[in-house]
Amino acid sequence: MKKFVILGGGYGGLTIALNMLEKDLPEDTILEMVDRSPFQGLKTEYYALASGTIAETHIRVAYPEDPRLLLTYGEVLAVDLEKKEIRFEDREPLTYDWLVIGLGCVDSYHGIIGASEYSSSIQTLAQTRATYQRINNIVPYGQVSIIGGGLSGVEMASELRESRPDLNIRLIDRGPSLLSAFPINLQQYVREWMIEHHIELRPNVSLVRLDGGDLYNGDEIIRTDATIWTAGIQPNPIVEALNVPKDRQGRILLNEYHQIPEHQEVFVVGDCASLPFSPSAQAAQAQGKQIAEAMQAIWKGETPRLGKIKLRGTLGSLGKKSGFGIMGKRTLMTGKIARMLKSGVLWKSKRHFG
């Protein structure tokens with residue numbers, strides 16, 4: 001029997017599995033998905049779990065039950081592209097005939113000393129649980145500093161304000177404004193929301209070191225009781241170790257079918273893939289659908305025909321009652337409607353509707 005193995009049951013990997021199960025698989029092929037967890041965690045909602053506004057069960061998504069899908073749980077240590085072998089921490093290696101690498105990302109600390117030791121993360125479910133405990137143990141009037149003024153930092157700060165109105169919350173960014181990738185008027189809307197809800201904004205801060213509760217902005221020391229890191233991501237270290245061409249961000253360069261050109265039996269999806277747009281759940285799902293289409297064509301002996309990926313837009317939340325977003329290239333939304341749309345996206349994701 002041949003094996004099509006999907007490493008990672010996140011947005012991209014799960015989309016591939018679901019789309020493949022909608023079609024007929026070759027009788028001589030096993031579909032196997034590998035993950036460290038027995039369910040998918042909706043990563044776009046980890047900020048709410050860390051803040052304490054939702055229970056973990058709210059963002060768990062069950063993997064499909066299908067006799068054609070083999071689910072394997074374990075911690076992947078390495079991928080050997082030459083031997084076509086996946087190595088694990090606590091089990092025998094797994095071989096494959098086709099492979100999808102969808103192992104996601106880790107925090108990027110940009111070489112800042114002490115950042116990994118003295119900050120909390122919301123990258124994995126385990127890290128998010130620990131961050132929730134860290135925040136939950138802060139006494140009233142304590143100080144939380146969130147590093148990074150992008151989408152994750154903004155959502156984390158606003159959700160934490162709703163969960164813990166007693167805390168002092170500070171949002172630190174090295175740039176001059178929050179959400180620098182978004183239009184100016186949307187930046188202004190979010191900035192005004194933060195000020196109205198008593199969240200301290202610290203732009204133009206260049207951290208050089210973290211040491212316990214001390215954040216060093218050059219010679220200035222910024223004191224904090226807890227630090228949450230949302231200041232950038234990089235591909236999983238397993239991908240970093242692969243000897244294949246990568247872009248400046250360390251993501252793997254692919255051909256038009258999302259394959260590694262030197263190893264065309266290997267596809268890459270999500271945060272590890274070099275794409276013409278920023279990593280996101282939506283991009284991973286769109287790419288995952290195309291990978292499933294490409295593999296179906298290959299099994300039929302046909303040349304895959306894939307269109308251009310078009311993203312619908314970006315939505316962000318400001319607590320449970322407000323939000324913001326861009327639909328298409330120009331349509332901006334703020335307030336309750338944007339938040340309702342994001343809730344609708346979450347509802348669809350939990351039910352495998354994309």
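**Basis.** I note that this is a predicted model, in which local features need pLDDT of at least 70, side-chain atom pairs count only at pLDDT 80 or more, and totals for chains, interfaces and linings use all residues. Residues are numbered from 1 along each chain as its sequence is written, and side-chain values use heavy atoms, with hydrogens and water left out.

**Entry: positive phi.** I recorded that phi of H258 is near 70°, a positive value in a residue other than glycine. Most residues other than glycine have a negative phi. I placed H258 in the loop between α7 (237-240) and β19 (259-260); helices (H or I, at least four residues) and strands (E, at least two) are DSSP runs, numbered from the N terminus. I then turned to Y141, which has a positive phi of about 70° although it is not a glycine. Y141 belongs to the loop between α4 (125-136) and β11 (143-147). With 67% relative accessibility, Y141 counts as exposed.

**Entry: α1 and α8.** I examined helix α1 (residues 11-21) against helix α8 (residues 281-299): their axes come within 7 Å and cross at roughly 40°. Axes are lines fitted to C-alpha atoms, for helices over the stretch in contact, and angles run from 0 to 180 degrees between N-to-C directions. The two helices, α1 and α8, are therefore oblique to each other; angles under 35 degrees count as roughly parallel, over 145 as roughly antiparallel, 65 to 115 as roughly perpendicular and the rest as oblique. I noted the crossing of α1 and α8 as right-handed, the near helix being turned clockwise from the far one by less than a right angle. The contact (heavy atoms within 4.5 Å) involves residues including Y11, T15 and I16 of α1 and A284, G288 and W299 of α8.

I also checked how α1 is covered: 10 of its 11 residues are buried. Among the buried residues of α1 are L14, A17 and L21. What covers them includes β1 (2-7), β2 (29-35), β5 (69-73) and α8.

**Entry: α5 and α6.** I found that the axes of α5 and helix α6 (residues 184-196) come within 11 Å and cross at roughly 30°. That makes α5 roughly parallel to α6. The contact is formed by V154, A157 and S158 of α5 with V190, W193 and M194 of α6.

**Entry: E159.** I located E159 in helix α5 (residues 151-163). At 0% relative accessibility, E159 counts as buried. I found a polar contact of 2.6 Å between the side chains of E159 and T53; such a contact is a pair of N or O atoms within 3.5 Å, and within protein one must be able to donate a hydrogen and the other to accept it, while residues adjacent in sequence count only if both atoms are side-chain atoms. Not counting residues up to four places away in sequence, E159 touches residues including Y47, S317 and K320.

**Entry: S119.** I placed S119 in the loop between α3 (115-118) and α4. At 12% relative accessibility, S119 counts as buried. The side chain of S119 reaches the backbone oxygen of A115 at 2.5 Å.

How values were computed. Buried means under 20% relative accessible area, exposed over 50%, partly exposed in between (1.4 Å probe, protein chains only).
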